[in-house]
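Subject: Structure handed over, with notes

Dear colleague,

Please find the structure below, followed by my notes on what was found in it.

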Amino acid sequence: MHLYIHIPFCARRCSYCDFAIAVRREVPSSAYADALLAEWDSWQSHEVWNIAPAIETIYFGGGTPSLLDPDAIERLLDRFRARRPVSPEVEITLETNPDDVTSSRAARWKRMGINRISMGVQSFDPAVLRWMHRTHDAAAAATAVSLLRSAGFGNVSLDLIFGLPAALGRDWQYDLDQALALAPEHLSLYGLTVEQRTPLFRWVERGEVVRVDDDTYATEFLAADVALRSAGMAHYEVSNAGRPGFYSRHNSAYWQRRPFIGLGPSAHSGWNTERRWNLREWAAYAHAIQAGQPVLEGTESLSPESVALENLYLGLRTTKGIPAEWITESTRAVWIEAGWARVEGSSLVLTIEGWLRLDALVSSVSQASDKVARHS
């Protein structure tokens, strides 16, 4: 079992963010922990534990989990361990912003069993950080990594965003160099997307911001791959790279369709063909908990076709690839000749150029399969 805990609170909404967050000056840490534990207790009689009785990974995501009082985080971890077996090798990740890391907090996180930190750096350019509405400055990441190392953390992941509007004048190679100079064990790279309900979307709609062009996006993605490999990291999934032994076990569980439970507003859960998700907003979630009502907003049972498509898409995202036989010989030949894929043993694996076309390649295969199904 893999456990995800959504912490929705943020000091400020980033310009590109459409996640389910709640901007708060004061974070209701104790009340939030109470609500999560009520939901956690409601899961204890669920049949999903027959599939996966022990917890292998725990991930505090958000939002900004590092804003939650350490006492509340420790309460949650204690209850998780009390109610369910937890693997001795459990991976426990906490997402944090650089400016939330202090020596006392880092030491406390380490003592309570958190053993992996994922830090949202995004850029080292002061102007870009201001444009993103980030709350930290360009020097904060290095300070935070130093404090985490002093507290004994040996597994630190950094996030960067690429594909920013050209008008910002952002030097992507500089940001890569700065991140790698901090010697993280893991690096996540996300291309900027323009989502509705964000300031960025409104800026684009008003013509104040021009999206990055496809060529620049591709150039930055390819440059990142070169930099990662030069630094001794394996680019093991479209958006993730790590040193040997430091791949994200929690994220890898999603790509392998392992069972997972999500706690908190907007959190998703899934096992076999079942999917379910919670009420999106913290206020609605809190009201349901206080009223003793379900926090569930919706459910879905995947069809065999949807499962096959999910397996295809998730498999092609990683360097493990998919069984080559899943793709017709003629299509495989086209992909390989174009430099988009290669065969490794019995697996078909996308190249870095193939990853740039992942959505289009999967779409073409699924459309062909649908066409065959309709005429068979």
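Helices (H or I, at least four residues) and strands (E, at least two) are DSSP runs, numbered from the N terminus. This is a predicted model, in which local features need pLDDT of at least 70 and side-chain atom pairs count only at pLDDT 80 or more, while totals for chains, interfaces and linings use all residues. Residues are numbered from 1 along each chain as its sequence is written, and side-chain values use heavy atoms, with hydrogens and water left out.

I begin with the pocket. On a 1 Å grid over the protein atoms alone, a pocket is an open set of points where a 1.4 Å probe fits, with protein on both sides within 12 Å along at least five of seven lines, and lining residues have an atom within 4 Å of a point. The second largest pocket holds about 310 Å³ of space, a volume being the space filled by probe spheres set on the grid points, which are joined across faces, edges and corners. Its lining has 17 residues, of which Ser-252, Trp-255, Gln-256, Thr-318 and Lys-320 are the closest to the pocket centre. Helix H10 (249-255), H12 and strand S15 (322-323) are the elements that give two or more residues to this lining, and H12 provides the largest share, four residues.

As for H12 itself, its 13 residues (304-316) should span 18 Å at 1.5 Å a residue, and the end C-alpha atoms are 18 Å apart, which agrees; the expected span is 1.5 Å times one less than the number of residues. The buried residues of H12 (under 20% relative accessible area, with a 1.4 Å probe and protein chains only) are Val-307, Leu-312, Leu-314, Gly-315 and Leu-316.

Turning to the aromatic rings, those of Phe, Tyr and Trp (its six-membered ring) pair if their centres lie within 6.5 Å, and planes under 30 degrees apart count as stacked, over 60 as edge-to-face and the rest as tilted. By this rule the count comes to 15 aromatic pairs. Trp-40 and Trp-49 form an edge-to-face pair, 5.8 Å centre to centre with 90 degrees between the planes. Trp-40 counts as buried because its relative accessibility is 0%, and Trp-49 counts as buried at 4%. Trp-282 and Tyr-285 form a tilted pair, at 6.3 Å and 35 degrees, and both lie in helix H11 (residues 282-290), three residues apart, about one turn of the helix. Ring pairs also link Trp-282 and Tyr-285 with Phe-9 and Tyr-32 into a cluster.

With best wishes

Methods: Buried < 20%, exposed > 50% of the residue type's maximum accessible area, 1.4 Å probe, protein only.
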